[in-house]
Amino acid sequence: MSNSTGKKILVLGVGNILLRDEGVGVRVVERLLEHYTFPQQVTLMDGGILGLKLMDYIIASDYLIVIDAVLNGGNPGILYRLTGDQIRKSLAFKNSLHQTDLVETLVCCELVGKRPETVVIGIEPKDYSPWSDELTPVIRDRLPDMVQKVLQEIEVAGGEPVILSSLAPKRPPQKMKNF
């Protein structure tokens, strides 16, 4: 099966699931895998805090969708869509265990001449300091909106998700804020 654009799409959820909201990207990927199936050209991956170890996967893709917690000084639960130089703003998340590695990984991909077009779907976290694998309620309540935003990005890039579960979110996503 091929998508309409022929692009290899990588959907990468990053973060540490032991730091509450910091692991939201991984949780979104888990939900997508639970409720949807995707064409062969779309790969969903739990990137955790692998950093530079993700480089081979990123280089092999034509379009990269990163899902992550993003600190931008907004209220918890605000969604962001970052592209181009806006992605570097996500570096503001200095308390993260993976952010520097992710941006460094993208820079390394540029250095070898193969950084895919990239978009970050992010959310302002509420709490990312205590050791807990549960998202805060405000972030957990926004997961369906993040899932919808990622599905939209996949469709725009040429992928066609198929719903597997009747539990998949059906409500329209709320407005997303760009930097």
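**Pocket and salt bridges**

The largest pocket is lined by Lys 8, Ile 9, Leu 10, Gln 40, Gln 41, Thr 43, Met 45, Tyr 57, Ala 60 and Ser 61. Strands β1 (9-14) and β3 (42-48) are the elements that give two or more residues to that lining. This is a predicted model, in which local features need pLDDT of at least 70 and side-chain atom pairs count only at pLDDT 80 or more, while totals for chains, interfaces and linings use all residues. Residues are numbered from 1 along each chain as its sequence is written, and side-chain values use heavy atoms, with hydrogens and water left out.

On terms: a pocket, on a 1 Å grid over the protein atoms alone, is an open set of points where a 1.4 Å probe fits, with protein on both sides within 12 Å along at least five of seven lines; lining residues have an atom within 4 Å of a point. Strands (E, at least two residues) and helices (H or I, at least four) are DSSP runs numbered from the N terminus.

How much space lies in the largest pocket? About 160 Å³, where a volume is the space filled by probe spheres set on the grid points, joined across faces, edges and corners. Its lining divides into five nonpolar residues, four polar and one charged.

Now the charges. Side chains of opposite charge can pair when their charged atoms come close. A salt bridge here is a side-chain nitrogen of Lys or Arg within 4 Å of a carboxyl oxygen of Asp or Glu, and the whole structure has six. I will show some of them.

Glu 153 pairs with Arg 81, with the closest N and O atoms 2.5 Å apart. Glu 153 is in helix α5 (residues 137-157) and Arg 81 in strand β5 (residues 79-83), so this bridge ties together parts 72 residues apart in sequence. Is Glu 153 buried or exposed? Buried, at 8% relative accessible area, whereas Arg 81 is partly exposed at 28%; the cut-offs are under 20% for buried, over 50% for exposed and partly exposed in between, with a 1.4 Å probe and protein chains only.

Also in helix α5, Asp 145 and Arg 142 sit three residues apart, about one turn of the helix. Their side chains meet in a salt bridge at 3.1 Å, N to O. Asp 145 is buried at 1%, and Arg 142 is buried at 14%.

Helix α1 (residues 24-35) holds Glu 30 and Arg 27, again three residues apart. Their N to O distance is 3.0 Å. Glu 30 is partly exposed at 37%, while Arg 27 is buried at 18%.

Terms used: Ala, Val, Leu, Ile, Met, Phe, Trp, Tyr, Cys and Pro count as nonpolar, Asp, Glu, Lys and Arg as charged, and the others, Gly among them, as polar.
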